[in-house]
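Me: I would like to learn how to read the features of a model like this one. Can we go through them one at a time?

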Amino acid sequence: MPLVSALPLPLQTVWLIPLYGFSGMVLSLPWATGWIKRNGPRPAAYLNLLVTLLAVLHGSLVIREVMQLGPQHLSFPWFQADDLQLRIGFDLSLTNLAALELVTFMSLVCQVFGLGYLDKEWSLARFYGLVGFFEGAMSGVVLSSSLFMSYFLLEMLTLSTYLLVGFWYAQPLVVTAARDAFLTKRVGDVLLLMGVVALSAWAGSMEFNDLYAWAATANLPPLAANLLGLGLIAGPMGKCAQFPMHLWLDEAMEGPNPASILRNSVVVTCGAVVLLKVMPLLQAAPLATTVLLAVGAISAVGGALVAIAQVDLKRAFSYSTTSYLGLVFIAVALQQPGIALLLLFAHGLAKALLFMSVGSIIATTNCQDLTELGGLGGRMPATTVAYLVGGAGLVGLLPLGCFWCYGLIVESIRPAAPLMAAVFILTNLLTALNLTRVFRSVFLGSPTPKTRRAPEVNWLMATPMVSLSVIVLLLPWIMQRLDPVPGIGSFSLPVALVIAGSGAAGVVAGSQVHLDRFWSRSRQQAVRVVQDLLAFDFYTPAIYRATIVAFVAALANLASWFDRVVVNGLVNGIGRVSLISAEGLKLGVSGQMQTYVLTTLVAIVLLFSAMQWWFG
């Protein structure tokens, strides 16, 4: 590892990149707290845009230096106590830096979009401060070379999710959504913490490279190895909204749309990056790999099925995020990290573009109910094009980003895992069906009262959409430049035809789905049963309330009863005995000093006599 001082300046100062986001949060405080009131909150937004632009430019310079010098590892001492040494390390590989550029660029684009979306929001400074906090934590996660720092930054992501989902905290549904998102992700974080503590005791180091060397020679008992593996994958499962910790992402749609863009594109990507970093530690934990496959398959197919039954515009795509991250989990479990990274990039950009088009629709119509929308195709051309490009980039129909990812992964895994290959093809079909269904509901048909006078969005929202549309169209070329796998076109023609055919079948099926402008539920009983099953997420929330929530509530009631009856009863009983004793003793108090002295002397004499008798 070369000396830090010998490296070019952009590499020496790479630690500044996460701090740009955190500095944006600090710079927003005077406006967010109301210290500055005269000029409104927009200067805080401009300052955040400036520091995020600096992060993007700095990251670009670092990528250029790494392409010339090769991957670098930087380490700075942070804390030392006895034999405990903690260091802040940065892994500067092309994949990490590409993920960093994705995070900072998407943050920049979403902040510009947010200026148009939240143009009348007087808490704008608070929103941009929270986005800066979000950005700093995500930048640190993708660069960190330490498991401890990754865990610490994931905790910051959990906190920032809670604060951003609860941005409009005056609404009861928003408060509930923020609480549920925080508690659900905390479950995964606590289990991950158990794995971190165990590794710190067994390996003696938190650096990933040291942990990889330890894992190659470690000889753990099977039970310990499997429990460690389950703990390490629990954190990414929560961050990526995977079954059974997937409900928080759906509820998080109560937050502002610019935050939803980040959450569905790069926040889940950060969780998957951590999973990629811990996978080499799971060589002796086959149970963890099996769980990853099962969770990924259930999330992929289940999320895609649930999405097609949603009538809320944002929720129709939030479940799609769960579905695609399930595919990433399958790729990671099947030892295809390069393809998993490509899928993360392709999905992140396409999904961000879709959520921008969704935000434009909501900002223009003040509606996100599919049964009340329609006829927007001719009135919002930029939004329509953004939706079509984002949808095409998300499914394997046209040769855009996800088409190549599907081809690579299906070609790689079909000999050994044909069932998982079928999961990819089925997910592609269901996603295309959902995208077509939503497109028909929103952009085609006759205008409704909500959409009759809907204009195109302002330039602050249209410019990021158009820019990101161009990037999604150019993504195959960008993926070739990254090239973490041997060529993005290295799959056979039959596989390409199957993938394109599944996408086309989904489009055809979506074009034939019956749409009712007045009934969100079918009037046919059999169809309604299936529709309700999917719309209510296979009744998972109800199952949770009847099992886990009821169990925790019963424990809480038992603890409350024990505190009230046993603990308080014991304390109050002792108090009553003391009062009764005092009442009895006060009758024997004469108030004469000689009586007290005599009593004390008699007690001393009796004490010494007893001691002499006992020891004599």
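Me: Is Gln335 buried or exposed?

Reply: The model is predicted, so local features need pLDDT of at least 70 and side-chain atom pairs count only at pLDDT 80 or more, while totals for chains, interfaces and linings use all residues. Residues are numbered from 1 along each chain as its sequence is written, and side-chain values use heavy atoms, with hydrogens and water left out. Buried means under 20% relative accessible area, exposed means over 50%, and partly exposed lies in between (1.4 Å probe, protein chains only). Gln335 has a relative accessible area of 56%, so this residue is exposed.

Me: Where is Gln335, and what is its phi?

Reply: Helices (H or I, at least four residues) and strands (E, at least two) are DSSP runs, numbered from the N terminus. Gln335 sits in the loop between helix 13 (313-333) and helix 14 (337-365). Its phi is near 60°, a positive value in a residue other than glycine. Tyr539 also has a positive phi, of about 60°, and is not a glycine. That residue is in the loop between helix 21 (525-535) and helix 22, and with a relative accessible area of 37% Tyr539 is partly exposed.

Me: Which peptide bond is cis?

Reply: A cis peptide bond joins Phe243 and Pro244, with omega about 5°. Pro244 belongs to the loop between helix 9 (222-239) and helix 10 (247-251).

Me: How many helices and strands does the protein chain have, and how much of the chain is buried?

Reply: The protein chain has 23 helices and two strands. Of its 616 residues, 52% count as buried. Along the principal axes, the C-alpha atoms fill a box of roughly 110 × 65 × 60 Å.

Me: What share of the contacts comes from residues 24 or more positions apart?

Reply: Contact means heavy atoms within 4.5 Å. In the protein chain, residues 24 or more positions apart account for 80% of the contacts with a separation of 6 or more.

Me: Which domains are assigned, and how far apart are their C-alpha centres?

Reply: Domain bounds come from an automatic or database domain assignment. That assignment gives domain 1 (146-535) and domain 2 (544-577 + 589-615). The C-alpha centres of domain 1 and domain 2 lie 59 Å apart.

Me: How should I read a salt bridge, and how many does the structure hold?

Reply: Side chains of opposite charge can pair when their charged atoms come close. The criterion here is a side-chain nitrogen of Lys or Arg within 4 Å of a carboxyl oxygen of Asp or Glu. The structure holds 10 salt bridges. One of them pairs Arg186 with Glu155, the closest N and O atoms being 2.8 Å apart. Arg186 lies in helix 7 (residues 172-203) and Glu155 in helix 6 (residues 147-165), so this pair ties together parts that are 31 residues apart in sequence. At 24% relative accessibility, Arg186 is partly exposed.

Me: Where is Thr448, and which residues is it in contact with?

Reply: Thr448 is in the loop between helix 17 (418-443) and helix 18 (459-473). Apart from neighbours within four places in sequence, Thr448 is in contact with Glu372, Leu373 and Gly374. A polar atom of the Thr448 side chain lies 2.7 Å from the backbone oxygen of Glu372. At 10% relative accessibility, Thr448 counts as buried.

Me: Which residues make the nonpolar surface patch?

Reply: Patches are made of residues with over 30% relative accessible area and no salt bridge, where like charges are joined within 9 Å and nonpolar side chains (Val, Leu, Ile, Met, Phe, Trp, Tyr) within 5 Å. Accessible areas come from the Shrake-Rupley method with a 1.4 Å probe, and for residues only the protein chains shown count as cover. The patch, of about 1,000 Å², is made by Ile548, Phe551, Val552, Leu555, Leu558, Trp561, Phe562, Val565, Val566, Val567 and Val571. Ile548 lies in helix 22 (residues 540-586). The protein chain exposes about 27,700 Å², and carbon and sulfur atoms supply 70% of it.

Methods
A polar contact is a pair of N or O atoms within 3.5 Å; within protein, one must be able to donate a hydrogen and the other to accept it, and residues adjacent in sequence count only if both atoms are side-chain atoms.
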